[in-house]
Amino acid sequence: MLGRSPRMMYHAESFARNGFETYIIGNRGTEPIPSLLTLPVQLLYLPDPPKPSPSIPFILTAPLKVFTQVFSILDALLVRIPLTPEFILVQNPPSIPTLALVWLVSRLRGSKVIIDWHNLGYSILALKLRKGHPLVEIARRFEAYFGRCAYAHLFVTQAMRDKLVKEWQLQGQKIVLHDRPPAHFHRASASEMHELFVGLQKDFSSPSLRSFLPECASPYSTPFTNVPALPADGSDNVDFDVERDSPMPSARPDRPALLVSRKGPDREKYMRQVEQLQRGSEGRRGWEYVRCVSMWLKAADYPLMLGSADVGISLHLSSSGLDLPMKVVDMFGCGLPVCARNFACLDELVKDGINGLVFEDAEQLSKQLVSLLTGFPSSPKLDSLRASLLHATPVSPSQRSSFDDLSSPPASGSMGKTNTDWEWCSWTQNWNKVMRPLLLTDVASGQSL
């Protein structure tokens, strides 16, 4: 769905701001980011694929979905876009049939293809089927063949670049473009926090939450004036068992509320399990000091929630071991330290003890939360992690004085660089540094011929 791919929307915004006539193709669903709607970007929506039926095996419904996608994508690329595109930027995954169709169109129309490798499609299919399944092997070969040749390849991690260049012999320019948040992400001011939670009052109206949260006098106060809020990464590729099994802190660090941003087929099932754990059952004591609520925020509210929180939690486990959680990027963009589940290549983003903490299991996560929130709002360890993000993250003017004493300003141009060589910047800064020279140099050389 178009609105659920922030990286591609950021790409479209960057292309448009650099003077390219920009089209973005995708399925309807979540609304695009507001900034994209203010630019001359044309949205070409694809028809929704047939909904799978639980009574029909995936192996039978998948071909019908692919057949529908073939015609709708070719119609968009060959008919609905009137002029020949200079560049076609394609997200991978999904791989089937998109990579083959873009490969075909590039030869028919003479466009240059840029593949943005977010993950590996066959590794995600293996989660649904199993490793070694014949369809997974077919998907891997398809992805390797049609993804091999392109004008340029973009990668979300250095680890992904190294693996694919070595194993698939990729042809074309190969560039690592790490995810970065948009420039408007920032620590929320007190007034922004208040307006956000006033607008979300209905989401905190369940009986278990009303009895847990402090009383307030809306609209003059909210329950979250002194309650730390911890957003959790709720993407499909996460280990929720860690969150459910994590023992609740026995040393009461205030009354934390865990906010899970999640939208997917397992949401209701997951929240029923959480509600049962909160109440307690079968001789197991319920959660006394913590509550969990799931919500799907509007695009404008999402960064405000991150900017209002005190600690972020990421449960992301990469299917390939080669991609990074976008939610953590967003949290860092809002100056929010994170506790992240460890996996291969996570250290390209989370520096343990510098901008966040890395955990292996539920017990370690529990200990980290206790260490960060005990004594809240006066928490030296939490302040230290936040300080590493502060000078690379826009902060509302009214909030600046409360953080100024956390660390000294970095040297000019350091972009928040520490002695661990950790650097940070906005999406626009990163895109202009990496992508702009590639695109504009090629366009200029083409025009001079």
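This is a predicted model: local features need pLDDT of at least 70, side-chain atom pairs count only at pLDDT 80 or more; totals for chains, interfaces and linings use all residues.

Biologist: Which residue does Asp383 meet in a salt bridge?

Modeller: In general, side chains of opposite charge can pair when their charged atoms come close. Here the nitrogen-to-oxygen distance is 3.1 Å, and the two partners are separated by about one helical turn because they stand three residues apart in helix 15, which covers residues 380–390. The partner is buried, with a relative accessible area of 9%, and the residue that Asp383 meets is Arg386.

Biologist: How many salt bridges does the structure hold?

Modeller: Among them is the bridge between Glu288 and Arg285, with 3.4 Å from N to O, where Glu288 is partly exposed at 40% and Arg285 is exposed at 68% relative accessibility. Another joins Asp162 and Arg161 at 3.9 Å, with Asp162 partly exposed at 41% and Arg161 partly exposed at 23%. For the structure, the number of salt bridges is 12.

Biologist: Which residues are linked with Arg7 in a network of salt bridges?

Modeller: Arg7 is one of the buried residues of helix 1, and its side chain makes a polar contact of 2.7 Å with the side chain of Asp179. The network of salt bridges links Arg7 with two residues, namely Asp116 and Asp179.

Biologist: Is Asp179 buried or exposed?

Modeller: Asp179 lies in the loop between strand 6 and helix 8, the latter covering residues 190–199. Leaving aside neighbours within four places in sequence, Asp179 is in contact with Arg7, Val156, Met326, Val329 and Trp427. With a relative accessibility of 9%, which is under the 20% cut-off, Asp179 therefore counts as buried.

Biologist: What distance separates the C-alpha atoms of Asp179 and Met326?

Modeller: These two residues are 147 residues apart along the chain, yet Met326 is among the residues in contact with Asp179. The distance between their C-alpha atoms is 7.0 Å.

Biologist: What span should helix 1 have, at 1.5 Å a residue?

Modeller: Helix 1 runs over residues 6–17, which makes 12 residues, and the expected span is 1.5 Å times one less than that number of residues. The end C-alpha atoms of helix 1 lie at a distance that agrees with this expectation, and both values are 16 Å.

Biologist: How many of the residues of helix 1 are buried?

Modeller: The buried residues include Met8, Tyr10, His11 and Phe15, and helix 1 as a whole is mostly covered. After helix 1 comes Gly19, which has a positive phi near 90 degrees. Of the 12 residues in helix 1, the number that are buried is 10.

Biologist: What is the phi of Cys345?

Modeller: Cys345 sits in the loop between strand 11, residues 338–341, and strand 12, residues 356–359. Cys345 is buried, with a relative accessible area of 11%. Its phi is positive in a residue other than glycine, with a value near 75 degrees.

Biologist: Where is Pro94, which has a cis peptide bond from Pro93?

Modeller: The peptide bond from Pro93 to Pro94 has omega near 10 degrees, and the bond from Ile96 to Pro97 is also cis, with omega near 0 degrees. Pro97 is placed between strand 3 and helix 4. Pro94 is in the loop between strand 3 (87–92) and helix 4 (98–109).

Biologist: What percentage of the residues of the protein chain count as buried?

Modeller: The chain holds 17 helices and 12 strands, and residues 24 or more positions apart account for 70% of its contacts with a separation of 6 or more. Of its 449 residues, the share that count as buried is 51%.

Conventions: Residues are numbered from 1 along each chain as its sequence is written. Side-chain values use heavy atoms; hydrogens and water are left out. Helices (H or I, at least four residues) and strands (E, at least two) are DSSP runs, numbered from the N terminus. Buried means under 20% relative accessible area, exposed over 50%, partly exposed in between (1.4 Å probe, protein chains only). A salt bridge is a side-chain nitrogen of Lys or Arg within 4 Å of a carboxyl oxygen of Asp or Glu. Contact means heavy atoms within 4.5 Å. A polar contact is a pair of N or O atoms within 3.5 Å; within protein, one must be able to donate a hydrogen and the other to accept it, and residues adjacent in sequence count only if both atoms are side-chain atoms.
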